[in-house]
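Me: I would like to work through this structure by question and answer. Please show it to me before we start.

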Amino acid sequence: MPSADLSAAAARRIALAAQGFGSPRPAGAVTARHIRKVVDTMGLLQLDSVNVLSRSHYLPVFARLGPYPREILDRLTGHTAGRLQREYVEYWAHEASLIPLATHPLLRWRMARAHDESWGGMQRIAKEQPQLLDEIRRLIAERGPIRSADVTQERRPRTPGQMWNWNDGKVALEYLFWAGEVGAARRVNFERQYDLIERVLPAHIHSQPTPARADAQRELVRIAARAYGVATEPDLGDYFRLPRAESKLRVAELVEAGELLPVTVAGWNAPGYLWPAARRPRQVRARALLSPFDPLIWFRDRAKRLFGFHYRIEIYTPAAQRVHGYYVLPFLLGESLVGRVDLKADRQAGVLRVQSAWGEPDVKHDEVAVELAAELAELAAWLGLDGVQVTGPGDLAPALAAALSATVG
């Protein structure tokens, strides 16, 4: 199929619009309809336990809608009881993620590979202690939903360099989650409550026939292509963490079927693929702080390719080796990533702390600072904090402090 040409700017605008940044934020109250549209546009919300600012899955919705009632998202995800029924469920999609209910059957091929492709400790438990899996299955059937603490017997000494310190019961429980036998019925203080998957999913989802692996993966690539607008094959495969060989096959099949259009994007060193229905706005006027786990930037090669923005998350980097800070959010203004800020919600003091603020090369610090100050003020109010304080270094910090002071004045 002949390849079309796109400028770098056109590709960037397509990508921003596909991710939900091509439309203004709601002028009035944000409802479940707005939130549902945003999450479905992205296709999933990545989960992460770090809470120095906010749980990560709340932030991409704020980036696109501005202040919204988090309790609505909690009800839609089953994290709390309420009038709205669950519409999203947890599974390993792009890491641990919240996904639409209809996406869950598309990942059964991954569940079926749990015995061979889950993390090493999970595989070991499944192969060496099948009786433990049976015991936990019985426990969940009789008592579910249960917490991981309900299967905890003793803690093993921490192994140097190991992030987690799970005992065998916890590992077995996570294996059953990976295998799709159990799911997250809800979360309490962000702790999963596990139950049998048939009691987590609605009957019409659980009873769906399992799609063929290739069919399921093609649909996952379609979801990724809609969410990205224009992308390389590695971009598309990474969205749901497909094995690379299978990602290449699925993309090639969709190209052959005419569902993906090959494009040459100026400055890209890899072939691009365009979703035919992707919007092509002439201009994007966005303003957003982006979580490290936002789909717009979570694949760092793509962030560099689209925005010329070199971004590495430094949460697990020793403090002395960090360049920009612990929990750094890029700042999107218009069609560009113009800066980054290390943020902390100091809940005891009631303050949103800017622990560092950095501008990108060639940006006008005063102009960026005014827009960033406004966005930070909205974020602080949404988090229930009384104000914003610049407390750390960075070449953007002085201008930001001045802008915040002028706003308060």
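Reply: This is a predicted model. We can begin with helix α15, whose buried residues are R300, R302, A303, R305, L306 and F307.

Me: How many of the residues of α15 are buried?

Reply: Helix α15 runs over residues 300-307 and is mostly covered. Its buried members include R300 and F307.

Me: Which strand made of residues 336-346 is included in what covers the buried residues of α15?

Reply: The cover includes the helices α1 (8-18), α12 (213-228) and α13 (233-239). Strands also contribute, among them β7 (230-231). The strand at 336-346 is β12.

Me: Is β12 itself largely enclosed or open?

Reply: A residue counts as buried when its relative accessible area is under 20%. In β12, 9 of the 11 residues are buried, so the rest of the structure leaves this strand largely enclosed.

Me: Which residue of β12 is the bridge partner of P330?

Reply: Strand β11 (residues 328-334) pairs with β12 in the antiparallel sense over 6 bridges. A hairpin through 1 residue joins the two strands. Within this pairing, the partner of P330 is R340.

Me: Which residue in the hairpin of β12 and β13 takes a positive phi?

Reply: Strand β13 (residues 351-359) pairs with β12 in the antiparallel sense over 8 bridges. D346 stands opposite V351 of β13. The hairpin has 4 residues between the strands, and the one with a positive phi, near 70 degrees, is G350.

Me: How many residues does the largest nonpolar core have?

Reply: In soluble globular proteins, nonpolar side chains tend to be buried together. Here, I35, L53, L236, L260, L343 and L379 touch the most other members of the largest core. L343, for one, is in contact with L53 and L379, and also with Y327 and R353 among others. The number of residues in this core is 142.

Me: Is A114 buried or exposed?

Reply: A114 is found in helix α6 (residues 114-117). Leaving out residues up to four places away in sequence, A114 touches Q123, Y175, W178 and A179. Its relative accessible area is 1%, and because buried means under 20%, A114 is buried.

Key:
Residues are numbered from 1 along each chain as its sequence is written. This is a predicted model: local features need pLDDT of at least 70, side-chain atom pairs count only at pLDDT 80 or more; totals for chains, interfaces and linings use all residues. Side-chain values use heavy atoms; hydrogens and water are left out. A nonpolar core is a set of buried Ala, Val, Leu, Ile, Met, Phe, Trp, Tyr and Cys residues joined through side-chain atoms within 4.5 Å. Buried means under 20% relative accessible area, exposed over 50%, partly exposed in between (1.4 Å probe, protein chains only). Contact means heavy atoms within 4.5 Å. Two strands pair if DSSP finds at least two bridges between them.
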